[in-house]
Amino acid sequence: MWPCVEPCSTFKSAFDPAKTYPSLRGGRSKCKHLYFYFDDLVYGFMSVRLQTWAPYEIQIALNGRERLRRPLDAAGCG
């Protein structure tokens with residue numbers, strides 16, 4: 001796991017004078033992201049990027065070439 005501070009989408013509380021109460025608005029900020037790397041027997045090399053602040057976005061990346069190579073190696077193809 002590797003942490004990294006990067007830009008992210010998040011919510012901020014802002015007072016609305018017309019409504020006379022605070023409301024949540026979408027915005028951009030910085031927060032910590034966690035990177036996880038795996039070498040799976042079936043899917044091959046993959047990475048997961050997890051945002052540690054609401055709305056907790058997640059990104060999963062699979063290597064398609066690696067996914068194709070594994071069954072071809074098991075079948076004996078060069």
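Visitor: Strands here are DSSP runs of E, at least two residues, numbered from the N terminus. So where is the place of R25?
Guide: R25 sits in strand β2. Keep in mind that this is a predicted model.

Visitor: Is R25 buried, exposed or partly exposed?
Guide: Partly exposed, because its relative accessibility is 43%, between the cut-offs of 20% and 50%.

Visitor: What does R25 touch, beyond residues up to four places away in sequence?
Guide: T10, F11, K12, A14 and D16.

Visitor: And how are R25 and F15 separated?
Guide: Their C-alpha atoms are 9.9 Å apart. Along the chain, the two are ten residues apart.

Visitor: What about S23: where is it found?
Guide: S23 is in strand β2. S23 counts as buried because its relative accessibility is 17%, and buried means under 20%.

Visitor: Which residues does S23 touch, leaving out those up to four places away?
Guide: K12, S13, A14 and D16.

Visitor: Confidence next. What pLDDT does the chain average?
Guide: The average is 90, and 100% of the residues score at least 70.

Visitor: Which elements have the lowest and the highest mean pLDDT?
Guide: Helix α1, residues 64-75, is lowest at 86. Strand β4, residues 58-62, is highest at 95.

Visitor: Switching to charges. How many salt bridges?
Guide: Five. One of them joins R70 and D39, with the closest N and O atoms 2.7 Å apart. That pair links distant parts of the chain: R70 is in helix α1 and D39 in strand β2, 31 residues apart.

Visitor: Is D39 buried or exposed?
Guide: Exposed, because D39 has 56% relative accessibility, and the cut-off is over 50%.

Visitor: Back to helix α1. What does E66 form with R69?
Guide: A salt bridge, with the closest N and O atoms 2.6 Å apart. E66 and R69 both lie in helix α1, three residues apart, about one turn of the helix.

Visitor: And how far apart are the closest N and O atoms of E66 and R70?
Guide: 3.0 Å, and this pair is also a salt bridge. E66 and R70 are four residues apart in helix α1, so about one helical turn separates them.

Visitor: Is E66 buried or exposed?
Guide: Buried, because its relative accessible area is 17%. R69 has 37% relative accessibility, so R69 counts as partly exposed.

Visitor: Which residues are linked in the network of salt bridges?
Guide: D39, E66, R69, R70 and D73.

Visitor: On to rings. How many aromatic pairs?
Guide: Two. Y37 and F45 form a stacked pair, 6.0 Å centre to centre, with 15 degrees between the planes.

Visitor: Why do Y37 and F45 count as partly exposed?
Guide: Y37 counts as partly exposed because its relative accessibility is 41%. F45 is partly exposed because its relative accessible area is 41%.

Visitor: Which residues make up the ring cluster?
Guide: W2, Y37 and F45, linked by ring pairs.

Visitor: Last topic, the surface. What makes the nonpolar patch?
Guide: L41, V42, Y43, I58, I60 and L62 make a patch of about 650 Å².

Visitor: Where does L41 lie?
Guide: In the loop between β2 (21-40) and β3 (44-51). L41 is exposed because its relative accessible area is 74%.

Note on methods:
Residues numbered from 1 in each chain as written. Predicted model: local features only at pLDDT ≥ 70, side-chain atom pairs only at ≥ 80, totals over all residues. Heavy atoms only, no water. Patch = residues over 30% accessible without salt bridge, like charges linked within 9 Å, V, L, I, M, F, W, Y side chains within 5 Å. Areas by Shrake-Rupley, 256 points an atom, 1.4 Å probe, with all protein chains shown as cover. Salt bridge = Lys/Arg side-chain N within 4 Å of Asp/Glu carboxyl O. Buried < 20%, exposed > 50% of the residue type's maximum accessible area, 1.4 Å probe, protein only. Phe/Tyr/Trp six-rings, centres within 6.5 Å; stacked < 30°, edge-to-face > 60°. Contact = heavy atoms within 4.5 Å. pLDDT = per-residue confidence, 0-100.
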